[in-house]
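Biologist: I would like to learn how to read charged pairs in a protein model, starting from the general idea and then turning to a case.

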Amino acid sequence: MPLLRKLVLLPVAAVTLLGTTVLGAAPAPVQAATTATSNPSTASSCPHPSSAVNCFPAQWPPHLLAKTSKTNQIRQIVQCGSRMYAVGTFQLILGRNPRTGKWIIYHRSNAFSFEASRPYAVTSWNPNVNGEVDSVAVGSHCSTAYLGGSFSQVHGKTRRDLAAVDTAGGGVRSGFQGDASKSVETLLLHGGRLLAGGYFTNINGSAARYFAGLSPTSGKPDTYLRLNISGNYSYSGVAGNATHIYNQQISPDGGRLLVEGDFTSVAGQSRQQIFMLSLNRNKAQLTGWTSPEFDQHCWTSEPFYIRAAAWGPTGTSIYLADTGYQPYQNTQQARSGLCDSVSRFPVTQTSVSHFWVNYTGCDSLYSVAAGYGTVYVGGHERWADNNEGCDNAGSGAISAQGMAGLVENTGGLLRNGTKGLYVRARGMGADDMLLTSAGLWIASDNQTGLDAHGKPYTSTSCGGVGGHAGLCFLPK
């Protein structure tokens, strides 16, 4: 395994001055100073199941600068063919020069791509988006990427919160309309259409509210997702929250879809936090899958709390990652409900109850990925197995900072001695996880601040190794 090179940071302003940035163009990369550090031991200190990913990160993938004037974040990462595509809020990316192995800085505005295998070279793709990109979906031929978020311009062209761009240089596809009335939070391609969710009530000239099926060539909506989604979470003292679709995940067989967001009614049926669709050929249909546990309220500041879901690899189980702090009007240390937990549910298309719940103890989870035998969850948590504590380690709590690996069938924490097997810098939290045949990609941020002891920190470490701000890859 090659030596890890630790970046000697330059102030962002100074780095930018070194470049020859022209708006809408990809400048020549700027070399950054590096120094070598030692690498941790591998197999002997990472007692992971053979089907699980390694504890220690690959050292060549690109990532965010460790320090920037504002916190940078990678919101989502996807793979198409031999390339990875990452989106979020950032302007500069650190990547390796594939010939020399030295770190260089690339100017990329809120979207970039790189090769999926070593040396993970950053490509020239630069859509140059002028605002936050929350989601990306790439067509089956890997020639077009669809971007959703909160922006008004892409590659010098006017596009409002939605765009289609080519995956070579990032130029806008002129035939695809890009005009949403409010932000687009999630995109997914399925069955010859683009499934788009967000806060919008009108998209590309049609009154499609919150969730719409779009033509991947023109962007025009059809009637596939006319689900009459409505409502928001209302209880005493609750923070303001608006109806929207936030996230979605397709089943391994491609026939069903999980959808998370802020709503109380879907297709005339009572639903909160999450629902399941059957993806029929001509029209998506709401299934009977639901749970009274989804109707329970969490803390007033976090009314929408089921932020992510994952299908088990065989499609027979569903795993949920939740925020929420603690149950509404419940200040007891003992945990209950689904707030700030990861849980496993059956897929039976009726009213169901959880198989197991593992609590963090009032720390948020934002992402989850499920493999054969192991479930991975990420957020800004400090503990797992913490069903007796809130903002403290209760009886039986185990340290599991930033992420955790759990036994798929039981929810038991994978450990290395007295601590969780996996660890990463907490920061704002791991916003996305993508499990591929090669390993686990974790998207996060480069938040800086003061720890509980008043000491400054920067969110760069993964597996105890520095230099992974915003993006970490744990190989199999």
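Predicted model: local features only at pLDDT ≥ 70, side-chain atom pairs only at ≥ 80, totals over all residues.

Modeller: Residues are numbered from 1 along each chain as its sequence is written, and side-chain values use heavy atoms, with hydrogens and water left out.

Biologist: What is a salt bridge, and how many salt bridges does the count come to?

Modeller: Side chains of opposite charge can pair when their charged atoms come close. The rule asks for a side-chain nitrogen of Lys or Arg within 4 Å of a carboxyl oxygen of Asp or Glu, and by this rule the count comes to 11 salt bridges.

Biologist: Which parts does the pair of Arg75 and Glu132 tie together?

Modeller: The side chains of Arg75 and Glu132 meet at 3.1 Å, N to O. Arg75 lies in strand S5 and Glu132 in strand S10, so the pair ties together parts that are 57 residues apart in sequence; a strand here is a DSSP run (E, at least two residues), numbered from the N terminus.

Biologist: Is Arg75 buried or exposed?

Modeller: Buried means under 20% relative accessible area, exposed over 50%, and partly exposed in between (1.4 Å probe, protein chains only). Arg75, at 13% relative accessibility, counts as buried, whereas Glu132, at 29%, counts as partly exposed.

Biologist: Which residue meets Arg75 at 2.3 Å?

Modeller: That is Asp431, whose side chain forms a salt bridge with Arg75. Asp431 sits in the loop between S34 and S35, 356 residues apart from Arg75.

Methods
Helix = DSSP H or I, 4+ residues; strand = E, 2+ residues; numbered from the N terminus.
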